[in-house]
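Good morning, and thank you for making time for this presentation. Please have the sequence and the structure open while I go through the model.

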Amino acid sequence: MGKPSKHEQAASIEEGITIGEVYSMRMRKFSSLFVTLIIIMALVVAGCSKNTNNPDPAPATGQNNSDPIQTETATEQPKEPVTLKYVTYFVGQYQEEFDLFNKKYPWITIEPVVTDDVLGTVVSMVAGGDAPDLAIVDNMTTFMKQDLLEELTPYIEGNEVVKNAKIRNEFTDIYKIDGMTYAMPISDVPYWIAVNKDLLEKNGLEMPSLDWTYDDFLELAKAATDPVAGEYGLSYDSSFATELAEIVAVANGSAANFRFMNEDLTASVLNTPEVAADLQWVQDLVHKWHVRPTPEEAAQYGWDASNNFLTGKVLFGMGADWFVPGYNENASFEWDILPMPVGKKMQATMHLNGPFGIIKSSKHKEEAFLWLAFQYELEAQKWMIDNASIAFLDDPELTAYYEEVDVWKDKNVEAVKRVGETCCYTKDPAILDFDWYMGNARGPLINYFNARHELTEINAAVEQYNTQVVVEARKALGLE
């Protein structure tokens, strides 16, 4: 459950936990009198039909020669109730999916354990002898250092649902370290562009095609910007700084992965000239082209760094599933959706996802994997579409389903489909010492964009990460 940061997620979804009711499939046993009568009748029938000339006759068709008591125990037995403890940052609409899962597997109930410190909570529960079964894994390095995660390859290879699913872009392979899988993504939440169609019309602009470019993006933003009226091409979202820069770098081919990482996630390329050019382009959106407000202007308007699209004063806002209910319910203007623009190499967007792992000391690993595998079934995929997320399976039934849901009614559904097809997935948990990297290298970029800081300090942190932090992390995990 990747996405925005855990704090953004918690702020955007109403908190509250409703524990699903525990169901039982206890079958009624025969009464002792009824069992006795069945045994007596079986013995009588056997005695009457016995042929002395054929002491070992073949059984009649459909007759069961087994002992009646053994026959009873051979029938499907009721399953013992299982409660899966599920450590996560929030629940929100996912309670609905828990209930769908419980309907299919009535003996399994998911009990969320909501916390701001997933790793600390897992460690504490394991130490107390009450190990959870599943946990969101936002940093595999920290989990693996304490040997908390079950390796999932055998479960994946042994599950027909996952094996036979037509998964887009090797979805199950994105959290591998040295060929070992310790987490599986269970959602697909891509970024896209929200468009204020009233501002398009006001400025005599046309809705661009699905293959629009970053040049088109900039020209439209410039045409809609009027500081006197307090109107801008881009919202003052942090997403239109750091996340946009990452998407631009991947779309231009300057970085192979988001967070400015190389192909195999062994080094950051944030300090390369190619990425520096992409960073400059994003900084220019504020300080050269002025299509995004400066911090001072944003403060004057009362805008913060979350999302200002609903003010009606910006042409483009960053979109993702958690924004859609608010846009649909509260927008005083007509809005629509576009995919991220096409870069120099390809069209790319950032697909956030919810990576979950099974805790190694769990007593219910098989049942825990049933939950992970459930995400790859059409029922769960449709639930994701219902909630403005994207199906990560290629299936004609799912493609057609986008046309049917209320959440995209009167919207550019072809753009929604294009967003789902567009590369690429985030791989944050598989980045070694991800928290260190984000805090010391990638995180400070916001000051470069907003306050025009130099990249010197950031480049020094990148060098330290590539030459020291990654090396030490690999040694600590026994990967060297």
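Predicted model: local features only at pLDDT ≥ 70, side-chain atom pairs only at ≥ 80, totals over all residues.

I begin with a helix pair: Tyr 94, Glu 96, Glu 97 and Leu 100 of α4 are in contact with Glu 379, Ala 380, Trp 383 and Met 384 of α16, where contact means heavy atoms within 4.5 Å. Helix α4 spans residues 94-104 and helix α16 residues 378-386; their axes come within 11 Å and cross at roughly 165°. Axes here are lines fitted to C-alpha atoms, for helices over the stretch in contact, and angles run from 0 to 180 degrees between N-to-C directions. The two helices are therefore roughly antiparallel, given that angles under 35 degrees count as roughly parallel, over 145 as roughly antiparallel, 65 to 115 as roughly perpendicular and the rest as oblique. The crossing of α4 and α16 is right-handed; that is, the near helix is turned clockwise from the far one by less than a right angle, anticlockwise being left-handed.

Residues are numbered from 1 along each chain as its sequence is written, and side-chain values use heavy atoms, with hydrogens and water left out.

The chain has 21 helices and 14 strands; these are DSSP runs, helices being H or I of at least four residues and strands E of at least two, numbered from the N terminus. Of its 480 residues, 52% count as buried, meaning under 20% relative accessible area, with exposed over 50% and partly exposed in between, for a 1.4 Å probe and protein chains only.

Helix α4 also leads us to a sheet. It lies across β1 (82-88) and β2, running at about 160° to β2. Helix α5, residues 118-127, packs on the sheet as well and touches β1, β2 and β3; its direction makes about 140° with that of β1. What is the strand order of this open sheet of five strands? The order is β2-β1-β3-β13-β6, with mixed pairing; two strands pair if DSSP finds at least two bridges between them. At the edges stand β2 (108-114) and β6 (184-185), each with a single partner strand, so one side of each has no neighbour in the sheet. Within the sheet, β3 (residues 134-136) and β13 (residues 355-358) run antiparallel and are joined by three bridges. Ala 135 has Gly 357 in β13 as its bridge partner.

A further open sheet has four strands in the order β9-β10-β8-β11, again with mixed pairing. Its edge strands are β9 (232-234) and β11 (335-338), each pairing on one side only. From one strand to the next, the twist averages 25°. Strand β10, residues 314-319, runs parallel to β9, with two bridges between them; Leu 234 stands opposite Phe 316 in β10. With strand β8 (residues 192-196), β10 runs antiparallel through four bridges, and Ala 194 is partnered there by Gly 317. Six of the six residues of β10 are buried.

Which helix has eleven of its eleven residues buried? That is α11, residues 242-252, so it is largely enclosed by the rest of the structure. Its cover includes α10 (214-224), α12 (273-287), β12 (348-352), β14 (423-425), α19 and α20 (445-451). Just after α11, Gly 253 takes a positive phi of about 85°.

Helix α19, one of the elements covering α11, is also part of another pair. The axes of α19 (residues 434-442) and α21 (residues 456-476) come within 8 Å and cross at roughly 155°. That makes the two roughly antiparallel. Among the residues in contact are Trp 436 and Tyr 437 of α19 and Tyr 465 and Val 469 of α21.

I close with some backbone details. Most residues other than glycine have a negative phi, and most peptide bonds are trans. Arg 259, in the loop between α11 and α12, has a positive phi of about 65°. At 6% relative accessibility, Arg 259 counts as buried. Asp 178, in the loop between β4 (176-177) and β5 (180-181), has a positive phi of about 50°. Finally, a cis peptide bond joins Cys 423 and Cys 424, with omega about 25°; Cys 424 is found in strand β14.
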